[in-house]
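Me: Hi! Could you walk me through this protein, one piece at a time?

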Amino acid sequence: MDRTEAAYAAYSVATIQMLVPTITTERLTLRAYELGDVRELTHLIGAREVAANLLRLPYPYSEQDARAFICATEQSGEARFAVALSGQERLIGGIGLRIQPAQARAELGYWLGLPYWGCGYATEAARAVIAYGFDILELDSIHASVFRENVRSAEVLRKIGMRPEGCSRPRVLKWNRFVDLELYGIMRAEWKSPPAPRAWRPHTS
Ligand SMILES: CC(C)(COP(=O)(O)OP(=O)(O)OC[C@H]1O[C@@H](n2cnc3c(N)ncnc32)[C@H](O)[C@@H]1OP(=O)(O)O)[C@@H](O)C(=O)NCCC(=O)NCCS
């Protein structure tokens, strides 16, 4: 068994969740979701402009969906972070890694509430989560896929150092329409550690 297999064979989903720390960046706090986020999560992710670009999301999105999402976090196999502005509790978005331990790889996904678009927050959060994936989880690669027309998200991925890896033909169904997916990725060897987030603090609740 090589380094990766040995390390990841030992990972249960619960272990991954225990590793989800609170991360602080220049302007943001990335923390575990709490049930107190249900209302804001429902309101923000349920907006048409946000939901339209997310593949696996019920729409319309209800408080019950939000509650189920938060309660299932420990079984999800994902490192999920709620995004908040520094010094504030209120959720403004979400970001996470869907981890495939046996392959030492993960898929990055994120969203922001519409009032918070265009401020560079997605880029800032994604940089921190990429650092977490490589530094703490010791992943070998991180990838993401975006709907072809989602130029805003593609720009975020480029800015965090991901490279375009190709485009699928339209075989993914979103809201009764088949869409193209563009794949982006970054290998561990390509990743240059950005300035460390200000603090790593294990999540304790
Ligand atoms: C994707 C998303 C998180 C980006 O949020 P954001 O706040 O706009 O992100 P940022 O401000 O960090 O960066 C966006 C970049 O795209 C650029 N951009 C914005 N509109 C653009 C456009 N029409 N064409 C090209 N680039 C554009 C911005 O200029 C910015 O780059 P800059 O900082 O160099 O100016 C947000 O749009 C969102 O939540 N969308 C819905 C969910 C989603 O798409 N999730 C990703 C699925 S892969």
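What follows is a chat about the parts of this chain.

Reply: Happy to! One thing to keep in mind from the start is that this is a predicted model.

Me: Okay, how many helices and strands are in the chain?

Reply: The chain has seven helices and 11 strands.

Me: And what percentage of the residues is buried?

Reply: Of the 205 residues in the chain, 33% are buried.

Me: Let's look at a single residue. Where is Tyr121?

Reply: Tyr121 is found in helix α6, which covers residues 121–136.

Me: Is Tyr121 buried or exposed, and why?

Reply: Tyr121 counts as buried because it has 22 C-beta neighbours inside 10 Å, and the cut-off for buried is 20 or more.

Me: Which residues is Tyr121 in contact with?

Reply: Leaving aside neighbours within four places in sequence, Tyr121 is in contact with Arg27, Leu28, Gly93, Leu112 and Tyr116. Val156 is 35 residues away from Tyr121 along the chain, and their C-alpha atoms are separated by 9.6 Å.

Me: New topic: the ligand. Which residues come nearest?

Reply: There are 21 residues around the ligand, and the nearest are Asn53, Ala122, Thr123, Ser153 and Glu155. The elements giving two or more residues to this shell are β5, α6, β6 and α7.

Me: Which element gives the largest share of the shell?

Reply: That is α7, with five residues.

Me: And how does the shell split by class?

Reply: The shell around the ligand has 13 nonpolar residues, six polar ones and two charged ones.

Me: Can we do a helix now? Which residues of α3 are buried?

Reply: In helix α3, residues 38–45, the buried ones are Val38, Leu41, Leu44 and Ile45. Looking down the axis of α3, these buried residues fall within an arc of 145 degrees, so they line one face of the helix.

Me: Why would spaced-out residues point the same way?

Reply: An α-helix has 3.6 residues a turn, so residues three or four places apart point the same way.

Me: Nice. What covers the buried residues of α3?

Reply: The cover includes α4, α5, β4 and β5.

Me: Now strands. Which residues of β2 are on each side?

Reply: Strand β2 spans residues 28–31, with Leu28 and Leu30 on one side and Thr29 and Arg31 on the other. They are all buried, and both faces of β2 are covered. As a rule, side chains in a regular strand alternate between the two faces of the sheet.

Me: Which strands is β2 joined to?

Reply: Strand β2 runs antiparallel to β1, with two bridges joining them, and antiparallel to β3, with four bridges. A hairpin through three residues joins β1 to β2. Ile23 stands opposite Leu30 in β2, while Thr29 stands opposite Ala84 in β3.

Me: What about the largest nonpolar core? How many residues does it have?

Reply: It has 47 residues, and Leu30 is among those with the most contacts inside it, along with Val83, Ile95, Leu108, Ala125, Ala126 and Val129. Helix α6 gives the largest share of this core, nine residues.

Me: What does Ala125 touch?

Reply: Not counting residues up to four places away in sequence, Ala125 touches Leu28, Leu30, Val83, Ile95 and Tyr110.

Technical notes: Residues are numbered from 1 along each chain as its sequence is written. This is a predicted model: local features need pLDDT of at least 70, side-chain atom pairs count only at pLDDT 80 or more; totals for chains, interfaces and linings use all residues. A residue is buried if 20 or more other C-beta atoms lie within 10 Å of its own, exposed if 12 or fewer, and partly exposed in between; C-beta atoms are placed from the backbone. Two residues are in contact if their C-beta atoms, placed from the backbone, lie within 7 Å. A residue is near a molecule or strand if its C-beta atom, placed from the backbone, lies within 6 Å of it. Ala, Val, Leu, Ile, Met, Phe, Trp, Tyr, Cys and Pro count as nonpolar, Asp, Glu, Lys and Arg as charged, and the others, Gly among them, as polar. The arc is that of the directions from the helix axis to the C-beta atoms. Two strands pair if DSSP finds at least two bridges between them. A nonpolar core is a set of buried Ala, Val, Leu, Ile, Met, Phe, Trp, Tyr and Cys residues joined through C-beta atoms within 7 Å.
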